Structure formats: C-alpha cells, structure tokens
Amino acid sequence: MTQESQHVPSTEPGSAAGNAGEPEPELTGVRNFRDVGGLPAADGRRVRRGVLFRSGHLAGATAQDAVFLSSLGLHTVFDFRNAADRKLDGPDIELPGVRNVNIPLNDPAEGAEFWKLVRHGDVDQLRSILADGKAGDRMADSYRRIVVERSAEMGRVLRTVADGSVPVLVHCAAGKDRAGVTTAVILLALGVGHEAIEEDYLKSNAAHRRYRVRRDENADGGRSAEVLELLGPLFGAHAEYLRTAFTAIEEHWGGTDRYLSEGLGLTPGARESMRARLLTV
C-alpha cells in the first residue's frame, strides 16, 4: 500500500453511533466527523442536534461527502490548521453558500523540524524526541498553549457562534486537538460539564476516526510496531491532554466564567445567545 493510500481517511459504516445511538454518516474522505448534539448542560437542557459539528480536515472529501456536508445547512466552517498543515493535506473543499474561515490555533512555524522528524526521522531520532513521556508532554503543552496564548482567536470563534453563525463545523487536521479544545470551550460556555466533554473528546480514539499517520515508508523503521508506539501519543486523544486545558483555565483565568468573559470577551448576553441557539429542552 502506498503512503498516499494509507493516508486517505475513511469512516467505516456501522462502526459507531452518535450521542443518542443514531448511526453516524458514512463519509469516505472526511475523518472523525460527528454531531456534538445531545450532550447535557447543567440547566437540564441538551446541546441541540444539527448545530455544532466537529471533524478532521475536509481536503479529502469526495463528491458524495460534499453532498452530505451540504445537506447540513452549514453557515460557517472553521479550519484551525496552520499553513504547514494546509500545504500537507490541501485546502478544504468549497461548499456552496458556506463561509470558510481559517484561524490557525498554533504558530505556522511551530515544530516544523519536529514534524519533519516525525515523518522522515529514523528510529533513534524518534526515540530522542518522543520516548519517556516526551510525546505526551508535548501534546499536553499544546493544549495549555491554546488556552493561554490563543484567547483572541478562541474568542473570535465563540463570538461568531453567538452572533448566529450556525450550524457550524469546527475542524483541524485530525479533528481531535485544536478542534477538540475549541469544542470543549464552546461546550463549557453552554454549561456542559467536564465529564461529558471528555467523553465526547475521547470518541476520537475510535479506529475509524483516527487520523492516518503521515510517515515516509523509506525512513528507517517505516511504520514498524515500535515507530507506531512512539507516535501513538501524538495521534491519540488522551484525557490528560484535555485536563491540561481545563487546568490552564483555572490557573490562568481563575475559572471558566472569567476565562469566557475576560479571556475571550464573551459578554453575558453573548453567552445567553449561544445557549439559546445551541441548547434545547
């Protein structure tokens, strides 16, 4: 199998179910897609279905995938990939009548050499940058940095949703990290608890949802068991990563309410608008 064919994402039909047991759509070119509807909020309401979606990138969407995505009535698609991501996988497909907004949630140059080693480095190089917990530490730190350093970008997303840009789809490359933190913050603003947010986040670990590892087969070690084990923390969803984001909110903002208001500039009125648009009884 070629590197390119290994990378093509797919969703296995009938392999998982939505938040209320509903079948997931069968997408062949978009990975990790799901409707976040159904999650419970603290006030007894639930996230409305059909208004908040998350996924991996849309660059590989097939014509049939595009028909399905167009049927969702999307207002806005937020793409959190940086320039390097978009160069690697390609730009999102254009959906008629849908606004595509690219808001990178990390530095376009951040980790360029690191990710080059991930794709092309030999086993010894991978051990040096990933072994002994270094891969997990790097991922957890990236979650913390989104909260601490990207409040302006995150605030823009939430205020756009509050202003009525729904239904909305948020995605990054794999749909688990940058999209995962953003989805978590939106859900926090809606009053969804940490446990329910974490449960949704961990769904990205299902085999049919995981991002295909981009790895040069000519590199030493190729996609051997050891290499895949070393790379595992980079491409899996781990509860401790998300908890690092929650901890950063507490440590840097003193709690969710101050993070939303002072960090993201979300007024009480905007927050109520979000709840009115995205929650239902």
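The side chain of R31 reaches the backbone oxygen of R209 at 3.4 Å. This is a predicted model. R31 sits in the loop between α1 (3-7) and β1 (34-35). Its relative accessibility is 5%, so R31 counts as buried, the cut-off being under 20%.

**The loop between α1 and β1**
- N32 is found in this loop too, between α1 and β1.
- The phi of N32 is positive, about 65 degrees, although N32 is not a glycine.
- N32 counts as buried because its relative accessibility is 1%.

**The loop between α5 and α6**
- D132 lies in the loop between α5 (123-130) and α6.
- D132 also has a positive phi, near 55 degrees, in a residue other than glycine.
- D132 counts as exposed because its relative accessibility is 77%, and exposed means over 50%.

**Helix α6**
- Helix α6 covers residues 134-149, which makes 16 residues.
- From first C-alpha to last, α6 reaches 21 Å, close to the 22 Å expected at 1.5 Å a residue.
- The buried residues in α6 are A135, G136, M139, A140, Y143, I146 and V147.
- These residues cover an arc of only 135 degrees around the axis, so they lie on the same side of α6.

**A cis peptide bond**
- V166 and P167 are joined by a cis peptide bond, with omega about 0 degrees.
- P167 is found in the loop between α7 (151-162) and β6 (168-171).

Terms used: Residues numbered from 1 in each chain as written. Predicted model: local features only at pLDDT ≥ 70, side-chain atom pairs only at ≥ 80, totals over all residues. Heavy atoms only, no water. Helix = DSSP H or I, 4+ residues; strand = E, 2+ residues; numbered from the N terminus. Expected span 1.5 Å × (residues − 1). Buried < 20%, exposed > 50% of the residue type's maximum accessible area, 1.4 Å probe, protein only. Arc of directions from axis to C-beta. Polar contact = N/O pair within 3.5 Å; in protein donor to acceptor, adjacent residues only side chain to side chain.
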